[in-house]
Amino acid sequence: MEARKIIENVQAITAGQTTQGTLRLTDFHLVFCAPVAQPGASTPSKPEPSPTPAKVRERWISYPMVCYCTFRPVPPGSRQAPSIRLRCRDFTFVTFNFADSDIAKEAFDFIKARTCKLGTVEKLYAFSHKPLRNEREMNGWNIYDPKAEFRRQGISEKLSDKGWRVTHINKDYTFCDTYPAFLVVPSKISDNVLKYAREFRSRNRVPALSYIHPINNCTITRSSQPLAGITRKTNVQDEKLVAASFSALGPPGSEDSTPPSSQADISIGNSFLEPELSETERYEDELISRSAAIYDEKTGKRLVYGAQQSNLIVDARPTINAMVNQVQGMGSENMDKYKFARKIFLSIENIHVMRNSLARVVDAIKDADISPLAPNKELLHQSGWLRHIHDVLDGSAIITRQVGINHSHVLIHCSDGWDRTSQLSALAQIMLDPYYRTMEGFMVLVEKDWLSFGHMFRLRSGHLSHEDWFTVQKDALAGSKIQPGENDGRADAFQNVLSGAKRFFDRNINQSKEDEMDTASETTSGKVVDEEATSPKMVSPVFHQFLDCTYQLQRQNPTRFEFNERFLRRLLYHLYSCQYGTFLYNCEKQRQDARVAERTSSVWDYFLCRKSEFSNPDYDPTIDDLIKGRERIILPQLKEIRWWHQVFGRTEDEMNGALNAAAAAEHDRQAAISSFQYPSVAHAEQTPRTSTSSSKDPSPGGNHSVLTAVETAHQTLTPDTRHAVLRRSASTEGTNAFAAIRDGIAGLNIGKTVLSSFSQGETSSSGPSPAPTRTRSNQELQEMT
């Protein structure tokens with residue numbers, strides 16, 4: 001690749017180690033070239049000519065990988081060298097020192113122009129990349145065929161009816177521009193019903209099938225939030241669509257029509273091994289099943305039958321976020337109209353919270369270029385990153401247990417149905433279906449639930465960067481040129497410090513207010529979705545979190561995945577490298593319009609032609625639900641969540657040493673208590689749980705549950721550890737719905753504008769005034785937002 005600029009005598013610093021070499025700047029990459037030191041060879045002050053050229057190691061950094069770039073000039077005569085400091089999205093940190101400030105400034109401007117001034121994704125490397133021959137022989141763009149995948153699941157026009165059909169209503173993307181052209185909906189729902197139902201879902205993203213279990217025919221469907229608003233609007237067609245999704249069971253024996261797949265047939269019955277669930281997980285299931293009561297519509301009395309399905313609507317958002325969206329004309333389902341199901345709220349935070357969490361992780365390791373020291377453990381803990389990973393896995397496990405163990409249907413949505421919804425749907429399918437734990441199956445899953453159903457890859461990844469991510473650090477008048485007779489500004493230094501401090505604190509106050517609103521805000525404007533320019537507030541590590549959660553499952557089940565850890569790490573790298581066209585657009589329609597399959601290579605080509613490099617040598621594909629460790633379903637061990645240290649370029653001990661030590665100490669303590677105190681097995685099985693739950697849990701998530709509320713048309717149940725404010729529900733309050741929402745938000749102090757909106761909505765409603773809301777503690781507010 002031709003170099004546009006070649007800069008000699010550049011010093012690179014990584015992990016506190018310095019290397020002298022040459023910096024080459026091409027149109028798409030920054031390449032640092034340095035001679036490889038020969039073992040045992042001394043480094044002379046002046047290099048002597050050698051008959052054989054020295055080996056050169058090249059370090060390539062694609063410009064879209066740069067997420068932060070700082071240029072630090074120095075004044076003439078300074079002993080310090082001008083530098084450019086880079087932080088990359090793959091958590092590479094490097095500082096380049098230059099011999100001259102002007103040269104460094106030219107390099108900084110060149111990198112900036114090739115990073116955040118392109119104007120369109122079509123100027124990214126993917127559209128110029130010439131893959132190697134072995135990659136060209138692959139066919140990554142066709143690895144996902146929706147007809148073949150749903151046929152594998154047992155749904156096809158040529159197979160017996162399982163209660164689902166393929167609709168071509170979106171073949172030209174006019175029904176929903178962010179949905180795939182190939183959609184599967186209940187057989188009893190006509191296209192005409194779909195046309196009316198779409199008006200009730202944000203961005204027309206109606207409930208559609210993503211997965212059907214091959215044995216019990218229970219399903220995972222996904223959608224966006226309903227457009228209920230503060231007037232609690234309803235839509236009969238949407239109610240029919242959701243009801244049909246929850247009752248779409250094929251005739252007896254229809255599972256026999258499922259074509260052979262990686263899943264071995266098993267019988268459903270009491271011969272299953274009982275899954276090992278934690279106390280918190282059992283309580284989650286108990287809370288959901290407790291709400292699965294049926295009531296007589298006329299008398300309101302509870303009817304008692306045998307075992308009932310706990311069909312779920314899963315709202316992935318914290319309750320308060322759904323309330324805020326309701327003020328903005330959206331919200332959550334009114335369960336009076338969905339009496340055939342119950343709804344649960346998960347406290348999975350939104351894109352803004354996740355972005356800030358990863359930023360704090362970066363703060364803990366940001367000096368990895370200039371320092372070989374371990375990450376700041378306190379900052380890592382304060383980031384809350386592992387807690388968020390815990391919550392996503394916990395929510396996915398709830399869905400998995402409902403579908404695979406409790407034989408129930410699940411509908412998942414968040415706000416627009418393309419962030420947390422994709423995470424939960426895809427992870428639940430990995431836990432449920434061994435096919436998605438193969439390399440090909442995982443690729444199909446990403447194509448189906450992320451690329452086909454739509455995820456804002458361009459928005460969330462920030463491929464075109466942003467000027468705010470490029471800064472010039474002027475220390476001690478660095479780089480300033482003072483002419484004779486001019487004021488050099490030193491007399492005003494003290495005033496400048498005071499002014500700077502004032503601006504800093506004002507900015508922090510304003511930022512704090514913005515963060516409060518971001519915490520509850522869930523919406524993305526259509527204009528932002530369609531624009532190519534990067535919006536910093538829309539960038540968020542949603543897909544990164546999905547890969548991290550997959551890593552946790554892989555780490556805990558080392559023989560159950562065909563691919564290895566490096567496969568996930570390289571996939572995260574190529575999410576940002578922009579070398580392939582797979583992740584450059586937000587939805588299927590945008591990729592079709594851009595003709596990416598014709599003009600770029602698929603990222604799967606890279607992995608398929610190097611399959612041996614990314615295969616797990618310990619993989620065991622055997623499935624037998626009668627043998628422990630070989631069951632079809634895998635569930636996460638939430639107390640065993642650890643840092644994905646490889647992706648952060650750190651060792652296991654640096655990132656997880658303290659967690660592992662705490663877990664080992666807790667295990668030893670429990671073992672000592674059990675062997676010392678309990679004379680009988682029965683007593684020993686009961687009491688340690690109480691002891692464990694009362695002690696401080698060393699795991700990232702502790703004993704907390706992501707489940708915040710279970711709501712039906714008749715009642716709202718919440719875990720006992722939650723606070724009273726979450727026991728109120730807009731769907732079950734009747735005429736006090738607006739008051740319930742207002743009271744839920746009042747304690748958050750998120751702004752007068754939002755509260756005034758509630759007040760206006762309440763004025764138009766009838767009903768007695770609610771009881772005064774008690775003052776909330778800081779801990780309660782943190783749990784709600």
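User: What are the ground rules for numbering and confidence here?

Analyst: Residues are numbered from 1 along each chain as its sequence is written, and side-chain values use heavy atoms, with hydrogens and water left out. The model is predicted, so local features need pLDDT of at least 70, side-chain atom pairs count only at pLDDT 80 or more, and totals for chains, interfaces and linings use all residues.

User: Why is Thr421 called buried?

Analyst: Buried means under 20% relative accessible area, exposed over 50%, partly exposed in between (1.4 Å probe, protein chains only). Thr421 has 0% relative accessibility, so Thr421 counts as buried. Thr421 is found in helix H11, residues 420–432. Helices (H or I, at least four residues) are DSSP runs, numbered from the N terminus.

User: Which residues does Thr421 touch, not counting residues up to four places away in sequence?

Analyst: Arg222, Ser223, Ile412, His413 and Cys414. Contact means heavy atoms within 4.5 Å. The side chain of Thr421 also reaches the backbone nitrogen of Cys414 at 3.0 Å.

User: What makes H16 and H17 roughly antiparallel?

Analyst: Their packing angle is about 175°, with the axes 10 Å apart. Axes are lines fitted to C-alpha atoms, for helices over the stretch in contact, and angles run from 0 to 180 degrees between N-to-C directions. Angles under 35 degrees count as roughly parallel, over 145 as roughly antiparallel, 65 to 115 as roughly perpendicular and the rest as oblique. H16 and H17 are therefore roughly antiparallel.

User: Which residues of H16 and H17 meet?

Analyst: From H16, Phe543, His544, Leu547, Thr550, Tyr551 and Gln554; from H17, Glu565, Leu568, Leu571, Leu572 and Leu575.

User: How do you know that Tyr338 and Phe340 are edge-to-face?

Analyst: Rings of Phe, Tyr and Trp (its six-membered ring) pair if their centres lie within 6.5 Å; planes under 30 degrees apart count as stacked, over 60 as edge-to-face and the rest as tilted. The structure holds 32 aromatic pairs. For Tyr338 and Phe340, the centres are 6.0 Å apart and the planes stand at 70°, so the pair is edge-to-face. Tyr338 is buried at 2% relative accessible area, whereas Phe340 is partly exposed at 31%.

User: Why is the pair of Trp450 and Phe546 called tilted?

Analyst: The ring centres of Trp450 and Phe546 are 5.1 Å apart and the planes are at 45°, so this pair is tilted. The pair links distant parts of the chain: Trp450 lies in helix H12 and Phe546 in helix H16, 96 residues apart. Both Trp450 and Phe546 are buried.

Key. Helix = DSSP H or I, 4+ residues; strand = E, 2+ residues; numbered from the N terminus. Polar contact = N/O pair within 3.5 Å; in protein donor to acceptor, adjacent residues only side chain to side chain.
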